[in-house]
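Trainee: Hi! Could you walk me through this one with me?
Mentor: Happy to, let's have a look.

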Amino acid sequence: MNPSSADPSVAAELTRLSDIIARLSRGLSLADEPASFVTVLEEGAPGDE
Amino acid sequence: MSDWTIESLGAALRERRISAVEITDECLARIDRLDPTLRAFITVNADGARRAAKERDAELAAGRVRGPLHGVPMAWKDLCAAPGLPTSCGTRTRDYFVSETPCTAVARLVAAGAITLGKTNMTELALGPFGDNAHHGHVQNPWRSGHCSGGSSSGSGAAVSASLALGALGSDTGGSIRLPAACCGIVGLKPTYGRVSRAGAMALSWSNDHLGPMTRTVRDAALMLGVIAGWDSADSTTSRRRVPDYLAGIDAGVRGLRIGVPANYYFDDVDTEIVAAVRDAARQLGELGARVSEVRVPDPGPLAEATGVISRAESVTIHARLLRERPQEIQPVVRARLEFGLHISAQDYLQVLRSRGPLTREFLRVVFSQVDLLLAPTIPEPAPEIAAVTTGKVEDIIKRMGRFSRLTRPFNGLGLPVLSLPCGFSSRGLPLALSIVGRPFDEATVLRAGQAYERAAAWVSRRPATG
């Protein structure tokens with residue numbers, strides 16, 4: 001996370017969010033790129049077409 | 001006026017029982033009378049609407065019907081570009097957003113016969129869930145003046161609720177269709193990400209933005225969605241999947257449908273009247289034949305936070321020039337939320353985007369292997385008083401904003417279709433609302449369940465006492 005904010009409350013919030021993101025992205029491999037999100041959704045849609 | 005729906009009015013217009021000019025004049029008269037208090041509109045297109053109404057009537061007289069919205073007066077959130085009208089996006093700048101092409105959703109609605117009444121008020125830059133706006137006036141809740149309309153599509157919610165317009169377009173980046181729909185006692189649909197083009201609408205966050213209908217009834221939402229959904233060459237995120245006839249199976253009922261009520265997150269710290277109303281709705285759906293059960297969902301909390309990180313990073317990128325050149329024109333809370341985005345690192349932003357696909361796949365696998373739909377509250381409390389959410393320290397207001405949208409934000413991150421509709425009233429007479437969540441691109445099932453509940457519960461017959 002960018003530590004540039006001098007405001008302590010902003011810095012604390014940035015750290016909190018950075019920790020959440022680190023947990024969410026655990027398990028990502030080197031091969032994982034940002035997916036085409038619509039493709040992800042289309043894969044999960046009911047199979048009517 | 002207040003008894004019409006888009007569907008019933010459309011039929012009456014086609015059968016020449018009422019003219020487009022008559023209904024348009026009636027809407028404009030209501031706007032003249034009620035909007036100085038409600039503040040639902042930023043721009044009223046009186047001359048343009050009357051001109052279009054005459055044209056639609058002439059077409060009907062010649063036997064030409066453009067589509068299901070022929071002659072129906074509607075309104076667009078003031079971030080949708082519409083020919084000849086300014087697009088302020090709720091800022092002080094009259095023409096803040098200029099687009100080379102008109103908003104695709106507006107163009108499709110107008111091509112289907114809708115009449116543009118005007119552009120609706122909104123939270124500045126769509127950055128807030130309460131509907132307050134110091135530049136254009138705080139939008140009042142039609143059910144109780146002095147209370148929030150919900151935001152950011154605040155004017156669209158109030159305009160439909162108070163029968164100033166038959167339907168409206170809203171946009172939803174963290175709940176901005178569903179929150180005002182819930183607060184104003186109307187129906188709001190956030191479609192699947194990729195179902196409706198955002199071309200010609202101001203972006204707040206490309207990854208989380210959705211456009212969708214705000215209407216009085218579920219059938220009207222289905223009707224509007226059928227017009228605006230579908231692939232658009234001007235928005236590369238739109239899907240080429242076929243657009244079904246959303247009204248075709250809408251009355252099929254819920255017998256056999258598996259409806260899950262979340263066992264975690266969605267009822268935590270939620271107002272007791274809302275909890276009771278949503279649980280009663282689940283009971284009613286069970287009586288209608290649905291198989292209702294509790295389901296544990298992957299924790300939406302971190303996902304809601306991550307969705308916010310994406311929105312902050314993208315919104316400051318989109319509105320950097322305004323922030324750099326005219327920061328004094330932006331309301332303090334909106335400016336603080338924009339400025340926060342400056343501190344988000346590229347690494348965190350990209351990690352969230354990388355995580356989104358796997359998190360969504362996991363949510364779909366866990367939830368939709370057990371149920372067909374989820375049922376949850378839309379808002380954690382009935383519409384709060386405007387004074388309570390606009391006064392105090394900026395950081396406290398921002399925290400309260402986060403709490404108010406915490407039930408809606410996860411579904412922007414997940415991109416799933418969500419319908420919000422009324423499920424009762426609080427002891428103070430404010431609307432309560434539930435959300436029905438479906439599989440990607442399965443708006444048809446979401447609407448079918450919403451229609452079954454709306455018909456059984458009959459909250460739709462209640463109207464605010466706006467006169």
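Trainee: Is helix α4 of chain B buried or exposed?
Mentor: Mostly covered: seven of the eight residues in α4(B), which spans 104-111, are buried. Buried means that 20 or more other C-beta atoms, placed from the backbone, lie within 10 Å of a residue's own. Helices here are DSSP runs of H or I with at least four residues, and strands are E runs of at least two, numbered from the N terminus. The model is predicted, so local features need pLDDT of at least 70 and side-chain atom pairs 80 or more, while totals for chains, interfaces and linings use all residues. Residues count from 1 along each chain as its sequence is written, and chains are lettered from A and ligands numbered from 1 in the order written.

Trainee: Which residues of α4(B) are buried?
Mentor: Among them are Thr104(B), Arg108(B) and Val110(B).

Trainee: And what do they pack against?
Mentor: Strands β2, β3, β6 and β8 plus helix α7, in chain B. Contact means C-beta atoms, placed from the backbone, within 7 Å.

Trainee: What follows α4(B)?
Mentor: Gly113(B), with a positive phi near 110°.

Trainee: How many helices and strands does chain A have?
Mentor: Two helices and zero strands.

Trainee: And how much of chain A is buried?
Mentor: Buried residues make up 24% of its 49 residues.

Note on methods. A residue is buried if 20 or more other C-beta atoms lie within 10 Å of its own, exposed if 12 or fewer, and partly exposed in between; C-beta atoms are placed from the backbone. Two residues are in contact if their C-beta atoms, placed from the backbone, lie within 7 Å.
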